[in-house]
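Biologist: Could you walk me through reading aromatic rings in a protein model? I'd like the general idea before each case.

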Amino acid sequence: DEVIVPDLTFVATANAVMYAGAKPVFVDAEASTWNIDTEKITAAITKKTKAIIPVHLYGHPCDMDTIMKVAREHNLLVIEDAAEAHGAEYKGKKVGSIGNVGCFSFYGNKIITTGEGGMCVTNDEKLAKRMHFLKDHAMDKERKYFHPEIGYNFRMTNVQAAIGLAQLEQIEKFIAAKRKNAVIYNSLLKGVKGLTLQQEMPWAKSVYWMHSMLVEDDFGRSRDELVKLLKAEGVDTRPFFYPMHQLPMYGNLHGDKEFPVASELARKGINLPSSAKLSEQDIRYVCNAIKKIKGEKT
C-alpha cells in the first residue's frame, strides 16, 4: 500500500505510514502556505494508493476542498494530521473534522497539552470501534485477555486526560493569544528586507502554533547564521523540519525525484519564539534583535 504524505512535515507523519507496513509517497510543498501542493497530489496516485495525509503545518490549514475532491475521485481515505493546528479553521470548519480521521498531538509544546500522547477523532463509528480495539492491545471485549490480533498500548492515563480536559477549557484563550502575537510580530517585521512572513490565506484561520518566517538570500545573513546570532542575544529559535526525502531512511524511496519547494523552505525557514505567554515586550525584543543583526535601526 502507498500513502501520500507531504515532503515538508515532522517525521512522525511518514513514520506512521511505515509502522503500518505501507510506503509513504512524498509530495512537494507549495510556496504560499508551505503545506502539501494540492496540484501535485494526483500525479502521485497509483493503483497502490490508499490514503492521503495532509498536514496543517505550523498551524495553517491545508486546502481541504481540493484534497477531499481528489480523494473522492480516487476512492481514497483522508487522514488529517492536525497535530500542530488545534482549533485552526478551513472555511469555518475546524481542522481534523473534515477528513475521515483527524489526529492531534498533546506533546508539551502543543497549543493544549497532556505532556505526551494525542487523540484521533472520526465520524465513522466502525472506525472508532476499530481504534478503541487496537489501542488496548486488541483485547476482545467478550473474552478477557483474549487477543485475536496484534494490538498496541496507545492508552492515555486518567491523569493525562484530566489535564487535557482542563487545557481544553482554555483553548480559545490560547488561540487568541497566539493570533494576537502573530499580529504584533507581523507589524514589527513587515518591511524588513530579506524576510518573508507566513501568510494566512483568506479561507483560513491559522492558530500560528509556531510563528514562522523565511530568511531570504538578500537578508544578508543565512538562516543558520541568524539562529546563532539570535542565540547570542538570548533568543532561542528552531529551523524548519528537514524534508522527508533528505532523511536517511526515506532518501531512497523516490530515486532522483526532486522536491525543490520543500528543500528551499527547509533551508530558509525559522520558527521564532511562539509561546502563548509571550508579552508584547518579549516580541519587541525578538524583533529588535533581528533588526539589529540585519543592521537596521530598532
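Modeller: Y58, at 1% relative accessibility, is buried. This is a predicted model, where local features need pLDDT of at least 70, side-chain atom pairs count only at pLDDT 80 or more, and totals for chains, interfaces and linings use all residues. Residues are numbered from 1 along each chain as its sequence is written, and side-chain values use heavy atoms, leaving out hydrogens and water.

Biologist: How many aromatic pairs does a search of the whole structure find?

Modeller: Rings of Phe, Tyr and Trp (its six-membered ring) pair if their centres lie within 6.5 Å; planes under 30 degrees apart are stacked, over 60 edge-to-face, and the rest tilted. The search turns up eight such pairs. One of them is F26 with Y250: the centres are 5.6 Å apart and the planes at 80 degrees, so we call it edge-to-face.

Biologist: Are F26 and Y250 buried or exposed?

Modeller: F26 is buried at 0%, and Y250 is buried too, at 2%. Another pair is Y58 with F240, which is tilted, with 4.9 Å between centres and 50 degrees between planes. F240 is buried at 4% relative accessibility.

Biologist: Which residues form one aromatic cluster?

Modeller: That cluster is made of F10, W34, Y58, W209, F240 and F241.

Biologist: And where does R143 lie?

Modeller: A charge sits over a ring if NZ of Lys or CZ of Arg is within 6 Å of the ring centre and within 35 degrees of the ring normal. R143 lies over the face of F146, 3.8 Å from the ring centre.

Conventions
Buried < 20%, exposed > 50% of the residue type's maximum accessible area, 1.4 Å probe, protein only.
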